[in-house]
Amino acid sequence: MITGDQALTACHVAGQVHICSKPVLILTCKKMSGFEWVSPDETDRAPYRAEEVAVISESHDLCISGDCFEMLQRTEAVLQVIPHVKVFARVAPEQKELVLTTFKTVGRLTLMCGDGTNDVGALKQAHVGIALLNAEPVHKSDTKSQSSKPDNKSGKLKKPKPAQEGSSQLTQPVNSSARTSSSRPLTAAERQREKLQKMLDEMNEESDGRSTPIVKLGDASMASPFTAKHASVAPTVDIIRQGRSTLVTTLQMFKILGLNCLATAYVLSVMYLDGVKLGDVQATISGVFTAAFFLFISHARPLPTLSAERPHPNIFCAYVFLSILGQFAMHLLFLITAVNEASKYMPEECIEPDSPFHPNLVNTVSYMVNMMIQVATFAVNYMGHPFNQSISENKPFKYALYSAVVFFTVITSDMFRDLNDYMKLEPLPEGMRGKLMLWAILMFCGCYGWERILRSVFPGKMPAWEKRQKHAIANLEKKHE
């Protein structure tokens with residue numbers, strides 16, 4: 001919490017909103033004994049040493065005021081103290097900016113909410129800046145009444161009529177008819193209110209509608225990428241939820257693309273030398289399913305509540321590499337085993353790689369296996385809870401997966417011979433159909449189990465900042481030597 005209020009007020013409010021959950025110590029200045037940590041009721045005291053702030057913060061929540069910033073800058077203890085403080089009271093605008101830059105220097109991720117001009121510097125320095133507007137929420141009745149009015153043909157903005165007769169005189173102009181009917185003259189206050197209202201009306205109705213509209217936002221909204229429409233910090237939760245959802249979606253997209261590229265590279269390079277190709281209809285149907293999967297997988301919405309778990313912050317990490325390598329190994333084993341099994345039923349003939357496409361058993365099996373690998377890749381690597389909707393909640397993606405599984409089952413079991421003939425798929429031997437279905441189930445279960453094991457072994461976590469803090473302090477000391 002960064003506020004301009006007194007330290008005692010700030011600590012009390014921080015305790016009410018659960019920013020402070022431990023006993024609080026406030027850094028104060030004593031003329032005789034220097035600086036020391038004092039509890040709000042002055043019953044607990046501790047000497048101040050910059051080297052011991054990290055140890056004290058483990059058992060207490062710390063608070064410092066703006067008067068102490070000069071001491072921290074003078075003794076060059078900013079990097080040692082500020083990252084461990086929970087409440088900053090009586091701070092100036094430049095001190096708010098100093099707090100944010102210090103947190104960023106030691107590797108902390110920052111999100112700043114502000115509603116005034118004194119927050120502009122800190123909002124610019126934060127990784128995520130949110131401007132809070134002090135506007136009252138618009139009532140539905142007022143919105144409906146204003147939207148029902150016809151637009152002015154001249155393009156001028158019309159002044160809304162007051163909803164109640166007893167509204168404040170500051171927001172209503174003086175009625176001219178009532179003024180003429182009344183015999184008493186206007187008082188000085190009434191004349192001043194009328195003059196101010198006339199000026200506001202001229203500002204709203206000036207020009208012919210082609211001029212730039214007046215922006216009635218706070219100064220903080222000009223410096224931050226996000227602006228909340230009301231004076232509440234609730235939108236910060238929405239930003240974190242959307243950010244986590246975006247990060248998780250990006251991570252799973254990279255994994256799916258990597259696995260698809262590896263499988264496609266093997267089919268188009270190694271198997272192409274054996275004369276294995278895809279027909280036009282086969283490639284079209286496979287492309288339609290792939291496009292549908294990529295389209296519907298992005299429809300997953302973030303969950304309404306934040307989870308204690310965190311997503312992986314980096315794409316290049318051990319979890320991603322091990323997941324891709326393990327799943328690709330199972331896909332490759334499934335593909336090679338199925339193609340070798342189909343080769344046993346093929347006659348001894350040499351197929352030129354550049355020859356025109358003609359259906360054969362190896363081509364049929366490789367296409368079916370490639371379809372099942374594609375479905376398994378999307379189903380296994382879909383992140384879902386605790387950040388996004390699960391597969392059952394993302395209905396378009398669920399229906400696309402079911403359609404692909406049903407399609408794979410139909411062409412493998414040869415239920416509709418006309419469909420297989422249209423796709424130029426050869427009939428499978430009786431014994432091979434059961435093997436292909438069994439291998440597909442084992443491949444899916446193996447990939448699913450491998451992915452769940454890696455997610456439990458490599459949970460998402462925030463980047464460590466303690467090492468970066470020590471490195472920043474060491475660099476600062478080298479500069480002054």
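A cavity, as I use the word here, is a set of grid points where a 1.4 Å probe fits but cannot get out, and its lining residues have an atom within 4 Å of a point. With that in hand, I opened this structure, which is a predicted model.

**Entry 1: the cavity**

I began with empty space. Rolling a probe the size of a water molecule over the atoms shows where such space is left. My search of the whole structure turned up 1 cavity of 30 Å³ or more. I noted about 50 Å³ of space in the largest cavity. Which residues line the largest cavity? I wrote down Arg241, Arg244, Pro302, Leu303, Thr305, Leu306, Ser307, Pro386 and Phe387.

Next I looked up strand 7, which covers residues 128-132. Is this strand largely enclosed or open? I found 4 of its 5 residues buried, so strand 7 is largely enclosed by the rest of the structure.

**Entry 2: Gln95**

I moved on to helix 5 (residues 93-105), where Gln95 is found. Is Gln95 buried or exposed? Its relative accessibility is 13%, and the cut-off for buried is under 20%, so Gln95 counts as buried.

What lies beside the polar atoms of its side chain? I found the backbone oxygen of Gly66 at 3.1 Å from one polar atom of the Gln95 side chain. The backbone nitrogen of Ala92 is 2.8 Å from a polar atom of that side chain. Setting aside residues up to four places away in sequence, Gln95 touches Gly66, Phe69 and Arg90.

**Entry 3: His331**

My last stop was helix 12 (residues 318-343), which holds His331. With a relative accessible area of 1%, His331 is buried. Which residues does His331 contact, apart from neighbours within four places in sequence? My list reads Ile373, Thr377, Met443 and Cys447.

Note on methods. Residues numbered from 1 in each chain as written. Predicted model: local features only at pLDDT ≥ 70, side-chain atom pairs only at ≥ 80, totals over all residues. Heavy atoms only, no water. Buried < 20%, exposed > 50% of the residue type's maximum accessible area, 1.4 Å probe, protein only. Helix = DSSP H or I, 4+ residues; strand = E, 2+ residues; numbered from the N terminus. Polar contact = N/O pair within 3.5 Å; in protein donor to acceptor, adjacent residues only side chain to side chain. Contact = heavy atoms within 4.5 Å. 1 Å grid on protein atoms, 1.4 Å probe; cavity = no way out; pocket = protein on both sides within 12 Å on 5 of 7 lines; lining within 4 Å. Points joined across faces, edges and corners; volume = space filled by probe spheres on them.
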